[in-house]
Amino acid sequence: MLDFEDVRDCYFTAKDVVEGFINDQLYTYSRTPIEFLTHFNFENFCEEKLDFDFAPYKFKKLSKQVGGSLYIDNNDVVISYDVNNSKSRQAFTKLHEIYHYFGHYKMGIKGNYFGQSINNNTLSYEDLILEQEANFGASFMQISDKGLAKCLIDKLSFSQICNSYNMSYSALYNRFLSFLVFEKDINESVARNAINKYRYCYNSTELKQLFFRQ
């Protein structure tokens, strides 16, 4: 089980990779301001410009172990994802595998196959770190820091953000939590309390104070 200190470095590594990808490639393609980027922008770019194949698949016996996979064969890139999962989970899985491609395969960190493991008990510490880094990368592609800020300024509710960016509640919760802990150095319990007030009590006051503090 990883704690926040274990994954602090890979949080910022993932952020650098995603921001570099946006600045160097995606913005030229889509011209979409970063606060409006969603998973569709990344998927469309990879499909149309890089010729990725996104392959829906029903993982039967493996459904409780693997959420998706990335396979590279020469210039062919195939990302499979489990259609038994919710639409938001499918979107996250595709982004997770996209990150493996740019953040790991293209960096020469690992070979030509990656699987998104659901059962982390089977992974080594090194693979756990790579998986968490890909999770962070997927979360940055789901919604940017500027996107989070705009949603808070525009007074969107927790569920409205999830609907707008096709995110699960847990994905948005973890996105806020990691931002507050790593970017603002907020105590984990304080951060969780503020997010819970926003999510369950529709009170964003404390979250905004923490999110926008200098």
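This is a predicted model: local features need pLDDT of at least 70, side-chain atom pairs count only at pLDDT 80 or more; totals for chains, interfaces and linings use all residues.
Student: Which helices each supply at least two residues of the lining of the largest cavity?

Tutor: The count comes to 1 cavity of 30 Å³ or more, and the largest cavity has a volume of about 30 Å³. Its lining consists of V17, V18, F21, I98, Y99, F102 and M141. The helices that each supply at least two residues of this lining are α1 (4-30) and α3 (87-105).

Student: Is V17 buried or exposed?

Tutor: V17 is placed in helix α1. Leaving out residues up to four places away in sequence, V17 touches Y99, F102, G103 and M107. Buried means under 20% relative accessible area; the relative accessible area of V17 is 16%, so V17 is buried.

Student: What distance separates the C-alpha atoms of V17 and L2?

Tutor: V17 belongs to helix α1, which covers residues 4-30. V17 and L2 are 15 residues apart along the chain, and their C-alpha atoms are separated by 21 Å.

Student: Which residues have the most contacts inside the largest nonpolar core?

Tutor: The largest nonpolar core contains 60 residues. One of the residues asked for, F176, is in contact with L148, L152, F158, I161, I195, Y198, L207 and F211, its neighbours within four places in sequence being left aside. The residues with the most contacts inside this core are F176 and L180.

Student: Within what arc do the buried residues of α6 fall, seen down the axis of the helix?

Tutor: In helix α6 (residues 158-165), the buried residues are F158, I161, C162 and Y165. They line one face of the helix, because, seen down the axis of α6, they fall within an arc of 100 degrees.

Student: Which helices do the buried residues of α6 pack against?

Tutor: The buried residues of α6 include F158 and I161, and both of these are among the contacts of F176. The helices that the buried residues of α6 pack against are α2 (39-48), α4 (125-142), α5 (145-153), α7 (169-183) and α8 (188-201).

Student: Which residue with a positive phi follows α5?

Tutor: In α5, the buried residues are D145, G147, L148, A149, C151 and L152. What covers them includes α1, α6, α7, α8 and α9 (205-211). After α5 comes a residue with a positive phi, near 65 degrees, and that residue is K155.

Student: Near what value is the phi of N166?

Tutor: Most residues other than glycine have a negative phi. N166, which follows α6, has a positive phi, near 55 degrees.

Student: Is D51 buried or exposed?

Tutor: D51 is found in the loop between α2 and β1 (53-57). D51 is not a glycine, yet its phi is positive, about 65 degrees. Exposed means over 50% relative accessible area; D51 has 55%, so D51 is exposed.

Student: What is the relative accessibility of D185?

Tutor: D185 lies in the loop between α7 and α8. Its phi is positive, near 55 degrees, in a residue other than glycine. D185 counts as exposed, and its relative accessibility is 59%.

Technical notes. Residues are numbered from 1 along each chain as its sequence is written. Side-chain values use heavy atoms; hydrogens and water are left out. On a 1 Å grid over the protein atoms alone, a cavity is a set of points where a 1.4 Å probe fits but cannot get out, and a pocket is an open set with protein on both sides within 12 Å along at least five of seven lines; lining residues have an atom within 4 Å of a point. Grid points are joined across faces, edges and corners, and a volume is the space filled by probe spheres set on the points. Helices (H or I, at least four residues) and strands (E, at least two) are DSSP runs, numbered from the N terminus. A nonpolar core is a set of buried Ala, Val, Leu, Ile, Met, Phe, Trp, Tyr and Cys residues joined through side-chain atoms within 4.5 Å. Buried means under 20% relative accessible area, exposed over 50%, partly exposed in between (1.4 Å probe, protein chains only). Contact means heavy atoms within 4.5 Å. The arc is that of the directions from the helix axis to the C-beta atoms.
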